[in-house]
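The exercises below are to be worked with the sequence and the coordinates side by side. Each task is followed by a solution in steps.

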Amino acid sequence: MSNSPSSRGRFGIHGGQYIPETLMNAVIELEEAYNRYKDDSSFNAELTDLLNNYAGRPSLLYFAANMTADLGGAKVYLKREDLNHTGAHKINNVLGQALLAKRMGKTRLIAETGAGQHGVATATAAALMGMECLVYMGVEDMERQALNVYRMRLLGAEVRGVSAGTGTLKDAVSETFREWTNRIDDTHYCLGSVMGPHPFPTIVRDFQAVISREARAQILEAEGRLPDAVLACVGGGSNAIGSFYHFIGDEGVRLIGCEAAGRGIDTWETAATMNTGKLGIFHGMKSYFCQDEYGQIAPVYSISAGLDYPGVGPEHAWLHDTGRAEYVPVTDEEAVSAFEYLSRTEGVIPAIESAHAVAHAIKLAPTMRPDQSIIVTLSGRGDKDVAAIARYRGEDLHE
Amino acid sequence: MSSIKDAFAHNDNGKAFIAFVTAGDPSLDVTEELVIAMAEEGVDLIELGIPFSDPTAEGTVIQDANLRALAQGVTTDDVFDMVERVRGRGCSVPMVFMTYANVVFSYGIERFAKRERQVGMQGIILPDVPFEEKAEFAEPFAAEGLELVSLIAPTSAERIGAIAREAQGFVYCVSSLGVTGVRNQITTDIGAMVKLVRTANPDVPVAVGFGISTPEQAARMAALSDGAIVGSAIIKLIAQHGEGCVEPVRAYVRTMVEAVRTA
């Protein structure tokens with residue numbers, strides 16, 4: 001594959017392994033295990049069985065007829081990752097990593113979570129496979145996503161609040177790395193996005209690539225041709241890279257990542273890394289980060305806890321550099337409007353993260369011809385967000 | 001100006017006591033006085049932390065010190081200026097920076113190294129730059145005559161040889177798994193790690209850090225190696241005493257210097 005990372009996981013100048021020495025042998029061991037199992041037929045048979053018979057794959061590619069008619073342009077297809085078990089794309093990666101961890105003899109999974117979807121997926125896989133599970137979550141996010149905290153505990157996981165820094169996703173990632181340096185022997189860090197040190201961006205990308213593998217076949221079946229654009233939201237970037245991957249070689253397909261602009265890219269309250277960040281080194285990788293002139297990581301903001309991260313995966317940084325993918329900012333207000341629009345128009349309540357991609361589709365589709373098509377990845381379902389959106393609109397729900 | 005090597009040649013027994021403070025905690029003026037006081041007490045090498053918003057290798061004590069310094073508005077340039085003032089007062093104790101890759105990278109590695117040499121520092125420790133990634137940093141620092149200190153950890157195993165062979169200044173031996181912070185016990189076989197370093201590179205000193213707080217621990221670690229590094233225990237005193245921390249820190253490092261010299 002042309003976009004396999006070079007040695008030590010470089011995508012162009014991005015990626016690498018900027019981590020404490022204490023963790024180096026752990027990531028080397030992980031890379032060796034991954035290289036051993038990624039083409040192993042019994043490993044892949046077991047993973048496929050779990051994806052199909054436990055997680056509910058393949059996910060639907062749904063033609064959004066009402067939305068298409070309403071927008072009056074390109075046909076809009078929704079890749080329904082929200083229909084997966086646990087309600088988001090996160091399960092694709094987690095089942096792969098949990099299986100890999102088991103083959104490596106690990107008995108304990110640790111993970112960070114933002115919106116709680118990755119934490120819930122990890123807790124689910126741990127329950128299924130009889131592993132111990134510890135999830136770190138920013139205290140701010142525990143407040144925003146209280147339902148997911150309870151779900152994780154229900155699944156038998158321990159959830160530890162992180163109050164350091166901004167109490168959000170970046171702090172949860174830092175704390176999970178700290179815990180990993182503390183206990184490596186029996187523990188796998190089940191990283192939730194295409195970020196961190198090599199080999200995580202590659203492993204997570206490969207496990208999420210199932211999204212575009214299916215979508216490419218499904219759109220060819222439905223339309224007899226490739227789509228004109230693929231849209232997905234980008235925080236760290238795992239559902240987006242999974243949605244893009246098998247289309248990267250198809251030059252006529254525009255790849256559009258939708259970043260969380262928060263209150264706008266001209267304000268400080270944003271998490272749009274590609275649009276406002278600069279090159280840096282953090283959380284194990286060289287990539288783009290929101291930061292000040294002295295390299296202090298910015299306290300980013302988005303209404304979406306899952307996109308509220310100051311960096312972006314190194315493969316996205318590379319796709320941005322080469323111009324193969326575009327990254328557009330979407331504000332809170334646009335995302336909330338899209339959340340409401342899709343609910344009303346199609347009877348599908350998207351995750352607020354995914355609503356960022358829907359928002360851009362609402363702008364893009366009318367500019368295109370009716371013989372063109374776009375795929376929008378619905379990375380997750382929006383049940384978890386209903387209370388927060390109600391609050392945003394000035395209503396206080398008592399759950 | 002003295003070198004990192006001088007720090008280990010300073011005492012009769014060849015052992016060094018190395019102290020860490022975060023620049024700007026509780027203020028840069030106090031850091032300046034702390035450095036002078038620690039040098040007066042015979043601290044052989046000072047690690048000066050440049051604060052970073054997300055210090056992933058640190059426990060809560062040093063994390064908090066970083067945040068306190070940043071809350072003061074301390075910048076990398078302010079830290080350089082403070083070092084210039086320390087050197088201007090005739091204090092020649094060997095000093096290295098300890099910070100994170102992004103602090104250096106965002107400043108411009110060459111620009112950072114040049115300014116670091118100008119203000120009279122001797123080297124740098126970057127805990128998130130392992131052996132595999134070090135060339136990008138080590139080369140611009142070497143061009144300015146500055147040394148990039150390498151770390152080894154209890155998990156390093158067969159990596160120790162390669163790290164030691166290319167080591168500059170001294171090898172920072174991380175005593176325990178986990179992040180920085182005071183520990184009651186250090187259970188790693190430090191002697192075995194030191195032996196692997198010395199076999200690969202007999203010329204580079206090895207100092208042990210992470211978890212050391214008492215004179216007994218410092219003496220034991222220095223006896224097994226070439227020096228003991230203390231950070232969190234000093235930062236705790238600074239947090240406890242605030243602006244009035246200089247004398248308590250002075251008294252504390254005096255006992256630690258004494259313990260290491262007689263190790």
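**Exercise 1. Packing of a helix**

Determine which elements the buried residues of α10(B) pack against.

Solution. Step 1: helix α10 of chain B spans residues 215-224, and its buried residues are Gln217(B), Ala218(B), Met221(B) and Ala222(B). Buried means under 20% relative accessible area, exposed over 50%, and partly exposed in between (1.4 Å probe, protein chains only). Helices (H or I, at least four residues) and strands (E, at least two) are DSSP runs, numbered from the N terminus. Step 2: these residues cover an arc of only 125° around the axis, so they are on the same side of α10(B); the arc is that of the directions from the helix axis to the C-beta atoms. Step 3: the partners in chain B are α9 (190-200), β7 (206-209), β8 (227-230) and α12 (246-261). Contact means heavy atoms within 4.5 Å.

The model is predicted: local features need pLDDT of at least 70, side-chain atom pairs count only at pLDDT 80 or more, and totals for chains, interfaces and linings use all residues. Residues are numbered from 1 along each chain as its sequence is written, chains are lettered from A and ligands numbered from 1 in the order in which they are written, and side-chain values use heavy atoms, with hydrogens and water left out.

**Exercise 2. Cysteines**

State how many disulfides the structure holds over all chains, and examine Cys233(A) and Cys290(A).

Solution. Step 1: a disulfide is a covalent bond between the sulfur atoms of two cysteines. The criterion is a pair of cysteine sulfur atoms within 2.5 Å. Step 2: over all chains, the count is zero. For Cys233(A), the nearest cysteine sulfur belongs to Cys258(A) and is 7.6 Å away, and Cys233(A) is in no disulfide. Cys233(A) is buried, at 2% relative accessible area. Step 3: the closest cysteine sulfur to that of Cys290(A) is in Cys233(A), at 16 Å, which is too far for a bond. Cys290(A) is also buried, at 5% relative accessibility.

**Exercise 3. The interface of chains A and B**

Describe the interface of chain A and chain B by its contacts, its buried area and its salt bridges.

Solution. Step 1: chain A has 35 residues in contact with 41 residues of chain B. Step 2: the two chains bury about 2900 Å² between them, and carbon and sulfur atoms give 50% of this. Buried area is the accessible area (1.4 Å probe) that two parts lose on being put together, summed over both. Of the area that chain A buries against chain B, Glu21(A), Arg178(A) and Tyr294(A) supply 26%, more than any other three residues. Step 3: four salt bridges are found across the interface, a salt bridge being a side-chain nitrogen of Lys or Arg within 4 Å of a carboxyl oxygen of Asp or Glu. One of them joins Lys286(A) and Glu136(B), with the closest N and O atoms 2.4 Å apart. Step 4: on the side of chain A that touches chain B, the elements giving two or more residues are β2 (14-18), α1 (21-37), α8 (169-182) and β11 (278-282) of chain A. The largest share, seven residues, comes from α8(A).

**Exercise 4. Backbone exceptions**

Solution. Step 1: most residues other than glycine have a negative phi, and most peptide bonds are trans. His283(A) is buried, at 5% relative accessibility. At 41% relative accessibility, Ala157(B) is partly exposed.
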